[in-house]
Amino acid sequence: MTDSVYILRSPNVAARRIGDELMIMSAHDSSLFSLNETAAILWDAADGMTPLAEIVRRLILPVFDIEPAIALEDARSLALGLAERGILQLGDSPLVPRGDPV
Amino acid sequence: MNAIAMPSNCELDIGIGGIWVRLRTDSPAFVAEISGRFAGFLGKANQPDHVFDIELIPFMPDGDGDEVDAHMDAVHVLRSGARWQVRRGDFFAEWDPLSRHGRIRMVPSPYSLDSVIRILHTLLLAEQGGMLMHASSVVRGGHAWVFTGVSGAGKTTISRLAPPQSRILTDEMSFLRPEEDHYFAHGTPFSGELGRPGENLRAPLAGVFLLAKGRENRIDPLPRTEAIRALMANTLYFARDDALTTRVFDNAIAMAAQVPVRRLTFAPDARVWDLIDDAQP
């Protein structure tokens, strides 16, 4: 993964906030995921245009008491995991949405 | 759509949860055969909600190279334009929700027809905010309890243990739907190990229990997200369709917000019903 990482919410994924949790369902295979607070922040901010580092700086560091470098590495790892499950798309340049999440 | 005029003695009207489906075939023998499977759910609808013409074909192990392939065990449910297409090795069904008309090409098996009817109701119920759920349903004191879980969790067992005066809506496949600002459970003809159709009545839904076998009887609340997972995991649907799948998800969320969904751990004896009765709303 390069220094510039962009994340985008996958289409055909339904996200519903249930109380404090964000539930994500892949419409493709109906698999369900509950996102923790950090993952939910990434999901909400995954517009394809904002670099991951910027998301971490603006939205994660003010909330969590964590070293910036560690926070970015954790966010990268988390984003990769979400991408492997088809929840997010990753790119090293801005990503253009191809449809809103359902 | 291949609408074919059939003699009336080859029609069968099946009403489940107030949804009337008219089946038309040219085989009185098949009508007689399937009548038993849907006993208690037959009637004569003045205006059926949906009409299906059935074409019976011989069972052909190698298929006929067209719509029916006997080697295909999996169910495929696809939207094709305005129509739904449902395909399995022993049948091919096509249904237009707008015209409310469909056709079924199938081997002459009541089991196959049962499957088509179940799948049809998954589609209809999803659009109505409801669901068919792998679950038994029992009415006690005017309220319905639904018992769901994995195969072997005890869905049939707990309905067998129900005290006298209980009404069994189904031991296999529960019909749940919001009506009049409340969820209701309806009886279904879809049977499991009991081998007989449920009773054709409805009752307001008091709660859903996710079954687990244990040494003692106890009820535990489920967090909302776990409740939604349980409902989703046990809701019957087959369609590879993003919009419908999302609808099923939203239906589960809505039900979990209104209906208590709890875990019921039970030892297989009738005392579990004392606990359930105490949980009445």
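How many helices and how many strands are there in chain B?

Mentor: There are six helices and 16 strands in chain B, where both kinds of element are DSSP runs numbered from the N terminus, a helix being H or I over at least four residues and a strand being E over at least two. Before going further, please keep in mind that this is a predicted model, in which local features need a pLDDT of at least 70 and side-chain atom pairs count only at pLDDT 80 or more, while totals for chains, interfaces and linings use all residues. Residues are numbered from 1 along each chain as its sequence is written, and chains are lettered from A and ligands numbered from 1 in the order in which they are written.

Let us begin with chain B as a whole. Its C-alpha atoms fill a box of roughly 55 × 40 × 40 Å along the principal axes. For 281 residues, a compact globule would have a radius of gyration near 19 Å, and chain B agrees with this because its own value is 19 Å; the radius is taken over C-alpha atoms, and the globule rule is 2.2 Å times the number of residues to the power 0.38. Of the 281 residues in chain B, 42% are buried, a word used when 20 or more other C-beta atoms, placed from the backbone, lie within 10 Å of a residue's own, whereas 12 or fewer make it exposed and the values in between partly exposed. Among the contacts in chain B between residues at least 6 apart in sequence, 65% join residues at least 24 apart, and a contact requires that the C-beta atoms, placed from the backbone, lie within 7 Å.

Chain B is divided into domain 1, residues 8-127, and domain 2, residues 131-278, with bounds that come from an automatic or database domain assignment. The C-alpha centres of these two domains of chain B lie 26 Å apart. Where they meet, 19 residues of domain 1 of chain B are in contact with 22 residues of domain 2 of chain B. On the domain 1 side, strand E5 (76-80) and helix H2 (110-127) of chain B each supply at least two residues, and H2(B) gives the most, with eight residues. Sorted by class, this side of domain 1 of chain B has eleven nonpolar, four polar and four charged residues; Ala, Val, Leu, Ile, Met, Phe, Trp, Tyr, Cys and Pro count as nonpolar, Asp, Glu, Lys and Arg as charged, and the others, Gly among them, as polar.

Now turn to the side of chain B that touches its partner. Eleven residues of chain B are in contact with 13 residues of chain A. Helix H4 (224-234) and helix H5 (242-258) of chain B each supply at least two residues of that side, and H5(B) contributes its largest share, six residues. The side of chain B that touches chain A comprises five nonpolar, three polar and three charged residues.

The partner deserves a look of its own. Chain A has three helices and six strands, which follow one another from the N terminus as β-β-β-β-α-β-α-α-β. Buried residues make up 27% of its 102 residues, and its C-alpha atoms fill a box of roughly 35 × 30 × 20 Å along the principal axes.

In chain A, three strands form an open sheet in the order E2-E3-E4 with antiparallel pairing, two strands being paired if DSSP finds at least two bridges between them. Its edge strands are E2 (13-18) and E4 (32-35) of chain A, each pairing on one side only. Between E2(A) and strand E3 (21-26) of chain A there are six bridges, and Arg16(A) has Met23(A) as its bridge partner in E3(A).

Another open sheet of chain A, also antiparallel, has three strands in the order E5-E1-E6, with strand E5 (47-51) and strand E6 (88-91) of chain A at the edges. Four bridges join E1(A) to E6(A), and the bridge partner of Leu8(A) in E6(A) is Gln89(A).

Finally, in helix H1 (37-45) of chain A, the residues Ala39(A), Ile41(A), Leu42(A) and Trp43(A) are buried. Their cover includes strand E1 (6-9), E2, E3, E4, helix H2 (52-60) and helix H3 (68-84) of chain A.

Terms used: Contact = placed C-beta atoms within 7 Å.
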